[in-house]
Amino acid sequence: MAGESAPEGPDLKEKGEEELWELLNDNRHRISLGVQPCIVMPYLRQARVLTEMDEDEILSSHNLTNRSMRTSHMMDILRTQGTNGAVALLESLMIHYPTLYTQVTGHKPSTEPSRFSGLIKYSDLTEYLIRAVTGMQNELQEARCEAGRMNARCASLESEIQQVMEHEEKSRSLLSEYKRIQRHLCSLQREVTNLKDEKCDLYVRYTTAIEEKSAMNMRLHDLNLQLQTELQKAQTENDFQKRRSLRCVPLAEASQLQEEVRSLRCQLLKIEKLNPAHQDILAQDLAEAIDSQMELAEQLKCYREENEQLHREKQKLLDQSECLTLQVQQLTLDCNMHQQKSTVIQNQMRELQTERDQAYLSRNEAQTQIASILAEKDTLRSQMMALKEAFSLHDKSHKDWQSPDEIELDWECSRSNFTDSSLPSRRRLCRMDAINPSSSSPFNSECEDVMASSIRSRNAEPPSPQSLRRREGALYEEENSLETLETDDLSLDDDFVILPSVLNDDKDTSSQFALGGTNNMYSLDKNSAPPFLVRSRPKAIRISGRVVTISFQGDALLTQIAVVGGNKTGVFVHQVTEGSAAHTVGISHGAQIVEVKYQQNQKALRVVLEDSTLEEAMWALGQVTDLCHLCLRPRQHDYDILLQQLQKNEMSSGDSFYVRINVTIPAGPKGSLAVACDDILHVTNTRPSDTDGSWYASQVHPCQLLALHSGLVPNYYRAQRLLIRAIEEMNFQTRKSQKEGRMEAQNRQKAVRIVSTGRQGRNPLWVSVENEKTKSTESGDTSAARSCVTLMPYTLVTPHFPPICRPVLLLPSILGRILDKKVAGWQGFELCEPEMLSASDHSVRLQKSELLEECEQGRNCCYTLQCVEKVMKKGIHCVLPLGLDCVRRLHRADIFPIIIFISQCVSSARRLRSKLHRQSWSEEQLLVCSKSEEPLLDKLPCLFHRVAPDSWCDQASLLTRLRTVIWEEQKKIVWVEPDLW
């Protein structure tokens, strides 16, 4: 409304710089609150009043924590641009914030081109305005769509709320009904309880009445006996008095006696009659006794009915047991039948195994026959080719008119002459089976003669599994004649057999055969092999992954072969020197060197090179000075890929591994790279060209696997000497002032990290040299000198990418216990709670290494891995109130905590005095705890973050610093060392 009523004012270009900025500064608060920098930034960039660096500074600076600060900083940067900055800002407000523009300038906004200052060309301005309008329209359309979705969502939520209210009403009614029924049930239970009490009272009264009745009956019986006795006595006396009175008693006395008798009779009648009140009580008790007797009769009837029902149920259970018994019998029969079937099947299997063994035996016999036939075939073929050569030479040296009989006679004569000649006889034709180093001692003179004369077996063996593997592993055969043998390579895929004599002392003799007279050429013995190549039997199967062992004289082996590759791709044969022993036995490029065996100081050593670096491989091959055995695996395709990558400069070698730096190395000449302790390097070449004792590596970005700075660094043993020298300088330096000593101590902690090889006893970054007899990690004099020091300047690390929220461990432990509850109170954080375990569960989890730390000794209240995982599943940070011992257990479970160590000094401990006193701790205890735990941090297999004591001033700033550190550490890659212990 204000924009519609405001008049259009003069052009912005007519105002001066101070006037414009005074206008903007007057409304600075309003602009800072109402403008979003990301919206006006494109126009300011296009008007060239802001650069890309300015934009990054405004949007990405950590010091600008809110939008108002970013907008204010943007205005400060535009102030340096003078009039153009003010005009561009006002024009951006006119486009994107017309209401705010009107409030600032008091003029109505307009999008006519004449209203703009000309900082942007007309075409660019039109395009920008169209794009801005289009964007606003899109935002409006999206807002409308979002409003429609929200309305639909609101309607659905209202319907759900209505349903929930109805459901709640039903729940209330059901709850009220439930309460009513519950009250009624309680009243019924009270009535039942009262009835039970009354019943108990009746039982008591009935019992007392019965007891009183029995007592009354006994009393009446006693009274009756007493009355009868007295009556008898009175009758006896009366009779006696009668008789006496009849005799001598006068009439007066007799009348008196009669009266007494009548009075006694009256008393007797009174005694015989009972009291009516007592009779009523007895009658009432009798009636109650009869009622209780009827109730007992009813209960007895109920008990009888229950007994009958239980009897019927017992009968049903008996019937079910009979059915189950029948089923068990049926299952037993089925089981026996299945056992019989399985027995029959096993017998059939045994018969089949017997037939199979017989078939194997017949197959072996057939293969033996085939082998003998092949041997005879090779012999006949050699004889046939010898005869052809003899006939061809004979035809050249004799006339065409000679008869066949003469030719046959000359051939026989030549054979006899050759037999009688003094020339040495040649060995038989041999198949190309490599010498097995384990079958005989590699350092025996007989083995050396066999190796020098042949690289294959001498006899045709039956095709047992070992023989078949040797036949399938034949990789080196030749297809050339004797004349081209010395110039052509022995390819892995050739299909010829090399004469054993051409590899050793018979070479001169073979030249005599090739250049000698006709008599020698014709003098061929039947059992001797011809002096040239014979095509062997074609192989039926080729296994490219088979490892082949080749034995030869490896004097100065690195002059015979050149290698390329590394630990990532494997070490391959790159070039073979012609005429060398390696070339003679048929080694060619493209074969991977798996391992090398050689003798040194009367010990047979074995070096595995399958995953070694190029430096390790060249060192191991340089140790060979005598007979060696190379284990090769053909991988021509992988070798071609490696060569293509090297030619395209996609990689400098086949090496690729990550190391953690344990010693600070300053920059040196020839492009050396300066590295600091705890840096991560990606080594890509362990033998760079024109350098000795150096690696080519690059520093790794802390949050991504990207190379930052690249250059040369000392190799392992040069860096080890630098580490020893740095430690010596630290131990033997002169005493200085206390302040300088503290500063140098801090620098030394950053410059050196002491790490040894642990129980391994050898460098994990170097190839393993094993003794063939003892299988111990021994080597020659050179390798012994390399492994005598256990200090490690570099340690291997592997990258890990943990989930979104990692656990947090605060150290020192005393300060961590104070800050844990504060940090756990933040949003997105939760304190790890201990778990109460039973004794059995405690022992089981202790064996599985799932217990991180115990709260109290004697009570099975422990922090477990499950407690940490439970919090992490919620997608929040788990605050660990634990010590350093839990780190390795967490790493074994692939949980990588954020470790933050807050360095302490006297002044920093003084800032936390009040917090420490509340927890009954002192400043000295905090300093002692920090001093004792700080050396243990270097032994951790991962990196940690150290908070300097001067980076915070109180608890609030410390908590703010911790929040920033946790946010930064969460984005970083976790580098973990192998467990050397």
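Q560 lies in helix α17 (residues 557-560), where helices are DSSP runs of H or I with at least four residues and strands are E runs of at least two, both numbered from the N terminus. The model is predicted, so local features need pLDDT of at least 70 and side-chain atom pairs count only at pLDDT 80 or more, while totals for chains, interfaces and linings use all residues. Residues are numbered from 1 along each chain as its sequence is written, and side-chain values use heavy atoms, with hydrogens and water left out.

Because its relative accessibility is 7%, Q560 counts as buried (under 20% relative accessible area, with exposed over 50% and partly exposed in between; 1.4 Å probe, protein chains only). The side chain of Q560 reaches the backbone oxygen of D555 at 2.8 Å. Beyond its neighbours within four places in sequence, Q560 is in contact (heavy atoms within 4.5 Å) with residues including F552, Q575, V576, T577 and S580.

Turning to helix packing, the axes of helix α2 (residues 17-26) and helix α7 (residues 83-96) come within 9 Å and cross at roughly 45°. Axes here are lines fitted to C-alpha atoms, for helices over the stretch in contact, with angles running from 0 to 180 degrees between N-to-C directions. On the α2 side, E17, L20, W21 and L24 make the contact, and they meet T83, G85, A86, V87, L89 and L90 of α7.

Next come the strands, which pair if DSSP finds at least two bridges between them. In an open sheet, 5 strands follow the order β16-β20-β15-β21-β22 with parallel pairing. The edges are held by β16 (829-831) and β22 (945-947), each with a single partner strand, so one side of each has no neighbour in the sheet. Neighbouring strands of this sheet are turned by 30° against each other on average, direction ignored. Between β16 and strand β20 (residues 877-880) there are 3 bridges in the parallel sense, and L831 has V879 as its bridge partner in β20.

Strand β19 (residues 861-864) has antiparallel pairings: 2 bridges join it to strand β17 (residues 835-836), and 3 bridges to strand β18 (residues 851-854). C862 of β19 stands opposite E835 and is also the bridge partner of E854. Within β19, C861 and Y863 point one way and C862 and T864 the other, and all are buried.

Key:
A polar contact is a pair of N or O atoms within 3.5 Å; within protein, one must be able to donate a hydrogen and the other to accept it, and residues adjacent in sequence count only if both atoms are side-chain atoms.
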